[in-house]
Amino acid sequence: MDEQVVHVSCDGSLFAKHPKMDRLINGFLRELCPTKQTKVFSAQTAGVIGSAMLAACYHHNNSHCDDSKSNPNSKCQSYRMEIVWRNIFLMITLHMASVYGAYLGIFHARYLTVMFNYLYLILTGLGITAGAHRLWAHRSYEATKSARILLMLLNCGALQNDIHEWSRDHRVHHKFSETDADPHNSRRGFFFAHIGWLMCRKHPDVREKGRTVSMKDIADDPVVQFQRRYYKPLAALFTFILPSYIPCVCWNEDPITSIFASTTRYTLLLVIVLSYHSDLDFID
Ligand SMILES: [Zn+2]
């Protein structure tokens, strides 16, 4: 069995370096990835679970050097996966808050708040499925300007990158499916394809080959470009502020319960959409 060393560069230090932790993580990797001997090598820390899982999901052979779909003339480059600790921290915080939000939703929230968030989840989901995915990324149908504005606003409530970026990533995903240029390359494993790709810097091929994907139609759409220009305030307003505020004003919901219920709704939609990238990747 060939031993492959996966370099995981850490820019944070959550665990003190300890040889026992190295052995623990490398044992864990052997369980996850039995066909490849993989080692975590970290300059600053012994690694954490996030590093281990990402490293296990990273197949060193899956570089564009030997990928038939890649440019055969491209030079072999070594790729060092760089973990974005801020995103890992955000994901952990988000999921913990969502568990608490689910508890509040079951035991404390008003019935109307739960129904409202369920409806809002469906609608903002349409902002991704009918909007960013079908309308903008695939151009499966035409839509009037008012329909595009509505879908754009619903898309803001999903907070999954603006339509321009979402469409570009998705077109790259289809054009270079299962290569390093695929932002959520499923050949790098279930965890990477599901959520790991949001926890590390994009492979250079994603950016490089992403430039070959035509985005003229998206760049020419004033609705998409308006959203891109004001994405942060729009996303904050439609993802958290408005759906938290409406239950408080309309049926006197407790503000804390409403905020956490909104967080749970958002996380649920995120998990559903990310599932399309991993376990449901064949549906496009
Ligand atoms: Zn698709």
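Student: Where does E178 sit, and what is its phi?
Tutor: The general idea first: most residues other than glycine have a negative phi. E178 is in the loop between α6 and α7 (190–194).

Student: Which loop holds N161, and what is the phi there?
Tutor: N161 is in the loop between α5 (145–156) and α6 (163–175), and its phi is positive, about 75 degrees, again without being a glycine. N161 has 17 other C-beta atoms within 10 Å, so it is partly exposed. For one more positive phi, look just after α11: N252 takes about 60 degrees.

Student: Zooming out, how many helices and strands are there?
Tutor: Twelve helices and three strands. Of the 284 residues in the protein, 39% are buried. For contacts between residues at least 6 apart in sequence, 77% join residues at least 24 apart.

Student: Where does α11 bend?
Tutor: At L237, by about 40 degrees.

Student: Which residues of α11 are buried?
Tutor: Keep the helical repeat in mind: an α-helix has 3.6 residues a turn, so residues three or four places apart point the same way. In α11 the buried ones are L234, A235, F238, T239, P243, S244 and P247.

Student: What about the nonpolar core: which residues touch the most other members?
Tutor: The largest core has 21 residues, and A132, W136, M152, C156, I163, V224 and A235 touch the most other members. At least two residues each come from α4 (111–137), α5, α6, α11 and α12 (255–277). The biggest contributor is α4, with five residues.

Student: And what does I163 touch?
Tutor: Leaving out residues up to four places away in sequence, I163 touches G131, A132, W136, M152, N155, V224 and Q227. There is also a second, separate core of six residues, including I88, I195, M199 and C200.

Student: Which residues does UniProt list as "transmembrane region"?
Tutor: The unreviewed UniProt entry lists 88–106 and 118–136. In the model, residues 88–106 are 100% helix, with end C-alpha atoms 27 Å apart. Residues 118–136 are likewise 100% helix, with ends 25 Å apart.

Student: Where should I be careful with the coordinates, going by pLDDT?
Tutor: As a rule, where pLDDT is low, the predicted coordinates should not be read in detail. Here the average is 79, and 70% of the residues score at least 70. Over residues 59–76 the pLDDT is below 50, though that stretch has 22 contacts in the model beyond near neighbours in sequence. Residues 280–284 are below 50 too, with six such contacts.

Technical notes: Residues are numbered from 1 along each chain as its sequence is written. This is a predicted model: local features need pLDDT of at least 70, side-chain atom pairs count only at pLDDT 80 or more; totals for chains, interfaces and linings use all residues. Helices (H or I, at least four residues) and strands (E, at least two) are DSSP runs, numbered from the N terminus. A residue is buried if 20 or more other C-beta atoms lie within 10 Å of its own, exposed if 12 or fewer, and partly exposed in between; C-beta atoms are placed from the backbone. Two residues are in contact if their C-beta atoms, placed from the backbone, lie within 7 Å. UniProt positions are given in the numbering used here, feature names are shortened, and annotations may be inferred rather than shown by experiment. The bend at a residue is the angle between axes fitted to the seven residues ending there and the seven starting there. A nonpolar core is a set of buried Ala, Val, Leu, Ile, Met, Phe, Trp, Tyr and Cys residues joined through C-beta atoms within 7 Å. pLDDT is the predictor's confidence in each residue, from 0 to 100.
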